[in-house]
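Q: Hi! Could you walk me through this model? I'd like to start with how the elements are named.

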Amino acid sequence: MNARQILLFGVILGLIFAPVTVCGAENEKIFEPTEFQTVFLPELTPEEETLLEETFNELQNGAENPRASFEVFRGFLVMKSEKFLREKEEYILPPANMENISTWVGPTKTQSYQDPRHKVSERIRDFLKALPPETLLAWRAWVDENVEAVLNSIRKSKDLPTPEDLKRLIRENPFSSYEAEFWELLAQNAWQTGNASSAAAFWQKELQVHYDGTELRPKTFFLKEIPSVETLIGFHTAAQKAVPDESPEQNLPAEEAEDQKKAPQWRVSMTRIVSPEGETVFEDPLPEEQRGMLFPDRNRDLDVENEETPQFLTFSPDQNFLIARLGTRVSVWPEEEREVRPQPFLVVLDLSRGGQLVWMKAPNSVNSAFIGNPLADAERVYIPTLRLGKNAQISVDVYSLSDGTLQKIIPLFEVSLAEIQTPENETIFLPIEWTSEGNILAGGIKSGVQMRVD
């Protein structure tokens with residue numbers, strides 16, 4: 001790739017994390033999110049909820065063996081932190097601005113409210129905060145041992161933990177002595193990589209540790225010291241001021257903004273990826289005579305096949321890698337056809353090497369299908385995925401950006417098979433996008449479900 005092309009990318013893709021930054025031609029297709037009428041979130045069983053409540057009550061009333069109770073909490077945090085608990089009281093749905101809500105389920109045609117749900121990790125943090133001070137300090141001393149064991153292991157292989165490591169350590173070890181340092185490292189990383197909004201959010205979390213935790217001095221493992229509250233307030237204020245109020249296009253001079261709108265873009269359809277110069281840099285290896293298999297009735301439709309879908313194309317933060325979703329858009333095939341039907345698949349191209357193919361990957365089961373747009377950070381690719389089992393299970397699958405290995409499956413919710421196996425749900429679309437804090441927001445108001453993925 002020459003310098004002129006790189007410069008063009010820099011102008012066009014100033015907001016790397018926006019999920020729809022690439023505009024296609026006039027025939028581009030804008031997918032509408034699928035309306036799920038009945039959503040089942042992955043919740044704890046009644047027995048698990050009872051165990052969690054009993055453990056809290058034991059600690060609250062002076063447990064004879066608090067370390068055994070701590071182990072129970074730890075088990076939930078490590079193995080079930082992404083599950084939910086259902087609250088008993090009813091509530092009125094909040095407005096569309098959901099930045100501070102982890103999960104909400106939108107109203108169906110017959111419902112005006114739903115029960116609120118909270119993640120296990122959030123509820124355990126609330127439990128711990130409500131414990132007597134001496135019990136919370138005992139938890140802190142106990143959990144510090146776990147954190148230090150992980151940090152010593154990390155230090156052997158790298159200088160600093162990755163942002164994913166830090167978020168996991170915070171989630172699985174609430175109120176550890178190192179929590180302020182973890183937020184500080186996350187904030188510094190976000191600031192140094194140009195993500196001012198995330199940096200501001202992380203510094204706000206670090207400030208909250210000072211106001212919200214015990215009076216013990218925070219510990220450090222990698223840093224020499226933790227910034228003072230006054231310094232943190234300064235950092236947070238500076239990061240907030242650095243967040244642009246308008247999109248890059250609005251901040252550009254009028255002529256430059258107009259030129260950007262007219263500039264050629266990367267484009268993706270069901271079968272190919274096209275460069276800004278109009279060159280096909282990747283094409284589905286399915287032979288021409290078999291491309292009717294992309295469609296459920298086996299009748300090839302060239303107009304649909306060539307429709308360009310901007311949401312299905314994204315880039316890594318450094319813009320060196322292009323990630324695209326191609327293949328069939330059909331989400332639910334008859335069971336007898338799943339073994340032979342074509343797969344949807346992800347493609348990663350290395351733009352720093354002229355668009356060389358890095359990897360291509362289909363879902364890991366014939367009962368699975370990609371049902372959303374891809375997102376990418378510096379190390380991973382994220383894609384909403386449907387799995388057909390007892391119910392239709394919907395998750396965000398996480399792949400390694402470098403080699404395409406499946407690293408993690410983040411469960412989101414389930415819907416009944418009867419609801420999924422209807423003609424209008426033949427092609428399911430669940431959008432995902434980045435939040436200002438660097439989390440993934442899955443779904444939306446029209447989807448009937450909206451979830452923030454930590």
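A: Happy to. Helices (H or I, at least four residues) and strands (E, at least two) are DSSP runs, numbered from the N terminus. With that naming, Asp350 sits in strand S11, which covers residues 344–350. Keep in mind that this is a predicted model.

Q: Thanks. Is Asp350 buried or exposed?

A: Asp350 counts as buried, at 8% relative accessibility.

Q: And which residues does Asp350 touch, leaving out those up to four places away in sequence?

A: Asp350 touches Asn320, Phe321, Gly355, Gln356 and Val358. There is also a polar contact of 2.5 Å that joins the side chains of Asp350 and Ser352.

Q: Zooming out, how many helices and strands are in the protein chain?

A: The protein chain has 13 helices and 20 strands. Of its 454 residues, 47% are buried. Among contacts with a separation of 6 or more, 63% are between residues 24 or more positions apart.

Q: Let's do helix packing. At what angle do H2 and H3 cross?

A: Their axes cross at roughly 145° and come within 10 Å, with H2 spanning residues 46–60 and H3 residues 66–79. The crossing of H2 past H3 is left-handed.

Q: Which residues make that contact between H2 and H3?

A: On the H2 side they are Glu48, Leu51, Leu52, Thr55, Phe56, Glu58 and Leu59. H3 brings Pro66, Ser69, Phe70, Val72, Phe73 and Phe76. By type, the residues of this contact divide into nine nonpolar, two polar and two charged.

Q: Why would residues three or four places apart point the same way in an α-helix?

A: An α-helix has 3.6 residues a turn, so residues at that spacing point the same way.

Q: Nice. What about H6, which of its residues are buried?

A: In helix H6 (residues 163–172), the buried ones are Asp165, Leu166, Leu169, Ile170, Arg171 and Glu172.

Q: And what covers those buried residues of H6?

A: The cover includes H3, helix H4 (120–129), helix H5 (133–157), helix H7 (179–192) and strand S17 (406–415).

Q: Switching to electrostatics: how many salt bridges are there?

A: The count comes to 17 salt bridges. One of them joins the side chains of Glu308 and Arg267, at 2.9 Å from N to O.

Q: Where do Glu308 and Arg267 lie?

A: Glu308 is in the loop between helix H12 (302–306) and strand S9 (313–315), while Arg267 is in strand S6 (residues 267–268), so the pair ties together parts that are 41 residues apart in sequence.

Q: Why does Glu308 count as buried?

A: Buried means under 20% relative accessible area, and Glu308 counts as buried because its relative accessibility is 9%.

Q: Which residues are linked in a network of salt bridges?

A: Glu283, Glu288, Arg291, Arg300 and Glu305 are linked that way. Within that group, the side chains of Glu288 and Arg300 meet in a salt bridge of 2.8 Å, N to O. Both lie in the loop between strand S8 (280–283) and H12, so this pair ties together parts that are 12 residues apart in sequence. Glu288 is partly exposed, at 42% relative accessible area, and Arg300 is partly exposed too, at 33%.

Q: Last one: what does Arg380 form a salt bridge with?

A: The partner of Arg380 is Asp377, and the closest N and O atoms are 3.0 Å apart. Arg380 is buried, with a relative accessible area of 12%. Asp377 is buried as well, at 11%.

Technical notes: Residues numbered from 1 in each chain as written. Predicted model: local features only at pLDDT ≥ 70, side-chain atom pairs only at ≥ 80, totals over all residues. Heavy atoms only, no water. Axes fitted to C-alpha atoms, helices over the stretch in contact; angles between N-to-C directions. Left-handed = near helix turned anticlockwise from the far one by under 90°. Contact = heavy atoms within 4.5 Å. Nonpolar A, V, L, I, M, F, W, Y, C, P; charged D, E, K, R; others polar. Salt bridge = Lys/Arg side-chain N within 4 Å of Asp/Glu carboxyl O. Buried < 20%, exposed > 50% of the residue type's maximum accessible area, 1.4 Å probe, protein only. Polar contact = N/O pair within 3.5 Å; in protein donor to acceptor, adjacent residues only side chain to side chain.
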